[in-house]
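Visitor: Hi, could you walk me through this one? I'd like to hear how its pieces pack.
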Amino acid sequence: MSSETSGSNGYKVIGTRPIRHDGIDKVIGRAVYGQDVSLPGMLHGAILRSPHAHATIKSIDTSEAEAHPGVKAIITARDLPALADQLSDLGENVVNLRDVSTNILAAGKALYHGHAIAAVAATTLNAAQEAVQKIKVEYEVQQPVLSVQDALAPDAPLLNPENKTKSLGEDTEEPSNIASYYQHKKGDIDKGFEDADVIFEREFDTATVHQGYIEPHNVVAQWNADESVIIWCSTQGSFTVQSQVADLLNMPVSRVRVIPTEIGGGFGGKVQVYIKPVAAVLSKHTGRPVRMVMDRHEVFQATGPAPGSNIKIKLGATNDGKLVAAYAYLAYEAGGFAGSVVGAAGTCVFACYDIPNVQIDGYDILCNKPKTSAYRAPGATNATFCTEAVIDEICEKLEIDPLEFRKRNGAKEGVSRADGPTYDRIGYIETLEAALAHEHYSAPLGDAPEGKARGRGVASGFWMNFAGQSAVNINVNGDGTVTLVEGSTDIGGTRASIAMQAAEVLHLEAEEVRPLVVDTEAIGFTEVTGGSRTTFATGLAAIEAAKDTLNKMKERAAKMLEVEADDIEYSNKVFSCKSNPEKKHTFQEVAEKTGQTGGPVVGSATTSPPSHGPAMATHIADVELDLETGKVDVIRYTAVQDVGKAIHPSYVEGQLQGGAAQGIGWALSEEYVYDDEGHLLNSSFLDYRMMTSLDLPMIDTVLVEVPAADHPYGVRGVGEVPIVPPPAAVANALYRAAGVRMEKLPMSPKNVLEAMGKI
Amino acid sequence: MSKKIHVQTTINGEEIDFLCEPRNSLLEVLRDNLKLTGSKEGCNNGNCGACNVIMDGRLVNACCVLGVEAEGADITTIEGIAEPDCLHPVQQCFLEDAALQCGVCTPGFIVSAKALLDSNPDPSEYDIRYWFAGNLCRCTGYDKIVRAVQHAAERKRETADV
């Protein structure tokens with residue numbers, strides 16, 4: 001790990017590793033997260049949740065609960081406005097608002113274990129929780145549907161009899177658990193397989209997993225007498241909360257103010273709203289602020305998860321190692337409501353490769369699990385696990401090195417994907433070359449201890465990266481620093497990565513640009529922190545706002561120096577006259593005098609970039625398998641990624657390491673465990689096993705920098721793609737160790753021993 | 001509601017008293033009664049470590065201790081780790097080594113790391129990973145956290161040598 005003291009490629013700030021602006025507050029416990037917000041007179045909310053996975057709600061009796069001491073209000077779905085079907089684009093996924101409304105408080109049917117039924121506001125949290133126990137609900141329990149295979153069975157119970165499959169964009173008439181079906185085609189798939197010398201086909205199942213952020217969902221809502229509402233919460237997108245709450249409560253967006261707090265992780269799971277509109281309605285009914293914080297069981301039972309899936313992959317290659325045909329069947333769990341991330345899965349499933357003949361069939365399928373949500377490179381990880389495992393099998397058959405095979409078939413500039421787009425400059429081949437050259441790839445595996453076996457595997461991954469809208473204002477302060485005002489909530493260091501881009505333009509130090517994340521009334525519309533868009537798109541707005549600021553400062557300097565503005569040049573914090581370099585003022589001197597030269601200087605910019613260069617990654621994993629217990633440990637790991645341009649390399653490395661760790665958890669131990677009746681059995685951090693520090697090795701990173709064409713510094717989003725390769729890299733390593741191809745995630749001891757035929 | 005109980009304790013070197021119900025956890029008392037919100041609630045059942053505090057020299061999850069158990073105890077929370085004029089080496093190294101992303105697990109890790117270094121000034125990588133098995137971080141993959149603690153240990157030892 002290097003530690004640059006000055007930026008690379010002639011940059012002064014970009015490529016350096018300053019201490020993040022919000023860092024001190026976060027290491028001394030002073031940073032305010034959503035659960036830390038407290039208002040005078042505040043009430044506490046709690047939610048009654050369905051104990052059944054699939055049930056008709058016959059009646060709800062709240063009378064006894066209402067009489068409980070301290071209870072101020074109880075609401076059910078009847079207290080929410082009735083909504084028509086209406087699609088809303090949340091940035092990472094599109095939702096039907098009627099479904100969101102029915103998800104936050106069930107109407108008529110409970111569709112998963114933990115589905116919200118009623119909400120209570122009381123003077124204390126204990127009183128609210130006690131009252132919840134006194135609400136009487138009569139259910140008619142129905143048979144649950146717990147997998148895509150169950151949902152597709154001819155006699156499967158229907159979750160929603162009104163659901164008719166949207167097939168290839170057209171509505172159909174037959175009620176079904178299939179919410180939608182799409183297809184992508186390129187070339188002639190039949191001819192492709194005819195031309196192939198080797199064909200491999202496998203079917204895979206992957207478990208439902210959760211984003212696993214440490215901070216539960218939270219909100220404080222305060223309804224005002226003028227029919228407006230203020231919402232404090234942690235969220236990936238304050239404007240997305242604003243629009244959802246406004247739509248769900250049938251009010252203009254201007255009446256909803258969202259004040260974002262610090263956010264304790266999201267990974268795609270803190271975009272959709274759950275308790276925020278509920279708290280707003282409870283506040284409306286009581287006239288007092290209402291706080292709601294989910295407990296960990298509620299988070300697992302009723303938010304997020306990433307879909308489980310059933311996937312079939314068939315690949316054909318010629319004997320000289322060229323992929324000629326690829327077919328994917330992608331069936332993803334939507335959960336109780338339509339809208340899984342199977343669309344993005346179709347984009348990503350073969351995106352690393354240049355394959356002439358492709359067909360992809362994608363199905364979005366209802367089942368009695370929580371409404372699935374985005375999770376870091378949503379949809380890509382499931383599909384890539386399968387593609388990359390079959391690729392590995394072809395490499396073995398053809399006796400070609402897996403990285404060399406990928407180089408031979410890797411996508412590059414000018415290649416078109418089956419879903420349409422043609423690549424601009426991308427760095428996939430460069431990641432393969434860097435992985436080939438890395439010491440890890442040629443290092444001896446070392447002898448496994450007795451009873452254990454070791455193997456090494458590789459896999460690649462792709463994420464398309466979103467662009468989206470952002471706004472930035474820059475205020476020049478009297479001491480020569482600037483304040484950068486933005487709407488992107490900071491989950492992992494984006495205050496720093498955005499401020500550094502403005503600092504580069506303004507020739508200031510990173511510390512001289514003070515970033516401030518503000519609420520929905522204080523900045524222009526800004527989309528979610530997600531899709532790996534923030535450093536790219538809000539960074540672009542910051543660059544443009546900095547240029548605007550600099551132009552205005554040049555005019556002020558010209559005024560002070562009594563010359564024309566086009567006679568001013570700027571370098572190293574000094575404005576000087578081209579015609580007479582002796583005449584000059586520093587940035588700070590001009591900043592001090594703005595009151596005398598025309599008033600405050602404020603630069604601003606908004607952006608909506610048309611494109612964002614995609615991210616590609618290649619990972620190397622060494623695993624050690626315990627032959628008796630089936631437990632797999634990752635003992636060495638290297639993540640190579642085309643990052644475009646690393647603005648703050650430490651936080652880019654951190655994204656690669658964190659994404660890899662989540663992907664390794666997905667590979668080895670994470671899964672939603674249900675009983676036959678659809679009860680989630682492991683809704684705690686003890687039983688839903690995420691990687692701990694003891695489970696992981698150091699994670700080496702290689703930052704390959706192939707600049708993206710659509711950003712002046714070449715930035716590509718880096719956050720999402722590192723979760724994509726790990727399950728496949730681990731599976732391919734496990735094959736080398738044990739000679740078994742895993743067709744199931746997670747590769748838990750039980751699943752591994754089953755695959756090995758030992759149990 | 002049960003009758004509240006009067007508790008006298010020491011938090012971050014300051015004598016403090018509070019009233020709480022017998023069922024209230026120390027975490028609830030710290031966050032709600034005393035407004036010391038630096039200790040975070042991630043799971044409320046001792047699995048995530050975001051609420052780690054040091055109680056009479058032992059690292060504990062504040063969510064698994066009752067408020068009334070604080071009677072007569074000496075407690076250090078994240079708010080009491082730094083000196084008035086400088087950060088603790090663990091805090092400084094977390095900043096320099098970019099060992100936090102979202103930051104919500106960070107208070108627990110820092111309190112936990114302080115407890116580790118108080119008892120073991122020269123921990124190996126394995127010692128650190130074993131010690132942190134009760135602290136979940138979902139952002140970093142732990143790599144930079146482990147390195148930050150290694151650096152903090154070095155820095156603490158250097159200061160002690162002087």
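Guide: Happy to. One term to begin with: two residues are in contact if their C-beta atoms, placed from the backbone, lie within 7 Å. Helices (H or I, at least four residues) and strands (E, at least two) are DSSP runs, numbered from the N terminus. This is a predicted model, where local features need pLDDT of at least 70, side-chain atom pairs count only at pLDDT 80 or more, and totals for chains, interfaces and linings use all residues. Residues are numbered from 1 along each chain as its sequence is written, and chains are lettered from A and ligands numbered from 1 in the order in which they are written.

Visitor: What covers the buried residues of helix 4 of chain A?
Guide: The cover includes strand 1 (43-49), helix 2 (63-66), strand 3 (71-76) and strand 7 (116-122) of chain A.

Visitor: And which residues of that helix are buried?
Guide: In helix 4 (residues 125-133) of chain A, they are A:Ala127, A:Ala128, A:Ala131 and A:Val132. Their arc around the axis is only 140°, so they sit on the same side of helix 4 of chain A. Buried means that 20 or more other C-beta atoms lie within 10 Å of the residue's own, with C-beta atoms placed from the backbone. The arc is that of the directions from the helix axis to the C-beta atoms.

Visitor: Changing topic: at what angle do helix 3 and helix 7 of chain A cross?
Guide: Roughly 85°, with the axes of helix 3 (residues 97-104) and helix 7 (residues 238-248) of chain A coming within 10 Å. Axes are lines fitted to C-alpha atoms, for helices over the stretch in contact, and angles run from 0 to 180 degrees between N-to-C directions. Helix 3 and helix 7 of chain A are therefore roughly perpendicular to each other, a label for angles of 65 to 115 degrees.

Visitor: Which residues make the contact?
Guide: A:Leu97, A:Val100 and A:Ser101 come from helix 3 of chain A, and A:Gln244, A:Asp247 and A:Leu248 from helix 7 of chain A.

Visitor: How many residues of chain B are in contact with chain A?
Guide: 42 residues of chain B, against 43 residues of chain A. Helix 2 of chain B gives the most to its side, with 4 residues.

Visitor: Which domains does chain B have?
Guide: Domain 1 (5-80) and domain 2 (89-161); the bounds come from an automatic or database domain assignment. Their centres, taken over C-alpha atoms, are 22 Å apart. The contact takes 12 residues from domain 1 of chain B and 11 residues from domain 2 of chain B.

Terms used
Angles under 35 degrees count as roughly parallel, over 145 as roughly antiparallel, 65 to 115 as roughly perpendicular and the rest as oblique. A residue is buried if 20 or more other C-beta atoms lie within 10 Å of its own, exposed if 12 or fewer, and partly exposed in between; C-beta atoms are placed from the backbone.
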